[in-house]
Amino acid sequence: MPEGCVIGVDLGGTKLLAGLLDEDLRVLHRVYRLAPRSEDPEDLLGLVAGQIRELLDGGFVPRERVVGVGVGIPSLVDRARGVAVSTVHQPLDDVPVRDELQDRLQLPVALDNDANCAMLAEWRAGGAQGCDDAVLLTVGTGIGSGVVANGALVRGATGAATELGHMVVDFDGPLCQGACTNRGCLEALASGSALGREGARLAGQRPGSALARLAGEGRPITGVLVTEAAQAGDRAAQEALERVGTLLGVGIANAMNIFNPEVVLVGGGVSDAGDLLLTPARTEARRRARPPSNGARVQRARFGAEAGMVGGAVLAREDLA
Ligand SMILES: [Zn+2]
């Protein structure tokens, strides 16, 4: 592992977060940008390179102390070539992101999928530290995931493994979202989008609830709004979280049966609901998974919105060693 500081980048669909981290993964400085709306990959890569230059030239540490950059992207990644093969919500299809950034920055760059980066962060410095077998589910607009098995990240034959958000938990279930044309995926039933839909459904059934009042005011019922209403004590919103948590628990049970992990971590925006989500998820997972796998801990991930950035920094330290 190289001595010195590294830069981690989370190149998300809507936000670009870059951070300068020291040897102990402490964040010394962050640069946050909204992703450009342009369809031209040059605009996106130019913006990311600018963020990284801000960290390099900002006087936070001497530039020569920064040994590399790690970038997580919501993409299928060809790691041998450093190419983003196909990317969700970004114009990065068959783009050599690694070489493009290396040429611009004259620094070594490592590239991986953002969910793998988040798993790396949790594995090296978060809730899965010291584990040889662990699962991370990132529950936001969709459901991303990363898995460590037998002490290594699971990547599959072509880097596309552990898409746990697209495991089918309901044969005839609702259509999935984005590029997925399947039905009844975990993501279609237990993501933040699904939580918003469940909240809207319950708002229609419970005219006296806070959810119904918010809907009546014209507020779109999103997963965030349902979580806020549930935390403020609204019973309908709490039921929506129970339903989504229970469905998440079905997915967790499947992951437990397949991977026999020590710990299952739940991150992403929906995990802000805490035990309102995790208690029903734990109950359902313990009920459905086979013992002894069902004894795995189910807990919140340590790194919230910064998991991808911290994971990018870990990736840089390990890949560029
Ligand atoms: Zn799907």
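**A metal site and its setting**

Tutor: Let us begin with C185, which counts as buried because its relative accessibility is 0%, and the cut-off for that class is under 20%. Please bear in mind that the model is predicted. C185 is one of the residues that coordinate the zinc ion, through its SG atom.

The geometry of the site comes next. The 4 donor atoms subtend angles of 104 to 123 degrees around the zinc ion, and the arrangement is therefore tetrahedral. The reasoning rests on a cut-off: four donors count as tetrahedral if all angles lie between 85 and 135 degrees. For reference, the ideal angle for four tetrahedral donors is 109.5 degrees.

We may now turn to the domains. The domain assignment gives domain 1 as 5–120 + 306–319, and domain 2 as 131–300. The centres of the two domains, taken over C-alpha atoms, are 27 Å apart. At their interface, 8 residues of domain 1 are in contact with 12 residues of domain 2. Together, domain 1 and domain 2 bury an area of about 810 Å², and carbon and sulfur atoms give 65% of this. On the side of domain 1, the residues that lose the most area to domain 2 are L76, N116 and M119, which together account for 60% of what that side buries. As for polar links, 1 residue pair is in polar contact between domain 1 and domain 2, and 1 salt bridge is found across their interface.

Finally, some individual charged pairs deserve attention. A search of the whole structure finds 24 salt bridges. Among them is the pair D112 and R155, whose side chains meet with an N to O distance of 2.9 Å. In another, R81 and D78 bring their closest N and O atoms to 2.8 Å. R81 counts as partly exposed because its relative accessibility is 47%, and D78 likewise counts as partly exposed, at 24%. E239 also forms a salt bridge, with R235, and there the closest N and O atoms are 4.0 Å apart.

Definitions and conventions. Residues are numbered from 1 along each chain as its sequence is written. This is a predicted model: local features need pLDDT of at least 70, side-chain atom pairs count only at pLDDT 80 or more; totals for chains, interfaces and linings use all residues. Side-chain values use heavy atoms; hydrogens and water are left out. Donors are N, O and S atoms within 2.8 Å of the metal (3.2 Å for Na, K and Ca); water is not among the atoms, so sites may look incomplete. Four donors count as tetrahedral if all angles lie between 85 and 135 degrees; four count as square planar and six as octahedral if opposite donors are over 155 degrees apart and all others between 65 and 115; anything else is irregular. Buried means under 20% relative accessible area, exposed over 50%, partly exposed in between (1.4 Å probe, protein chains only). Domain bounds come from an automatic or database domain assignment. Contact means heavy atoms within 4.5 Å. Buried area is the accessible area (1.4 Å probe) that two parts lose on being put together, summed over both. A polar contact is a pair of N or O atoms within 3.5 Å; within protein, one must be able to donate a hydrogen and the other to accept it, and residues adjacent in sequence count only if both atoms are side-chain atoms.
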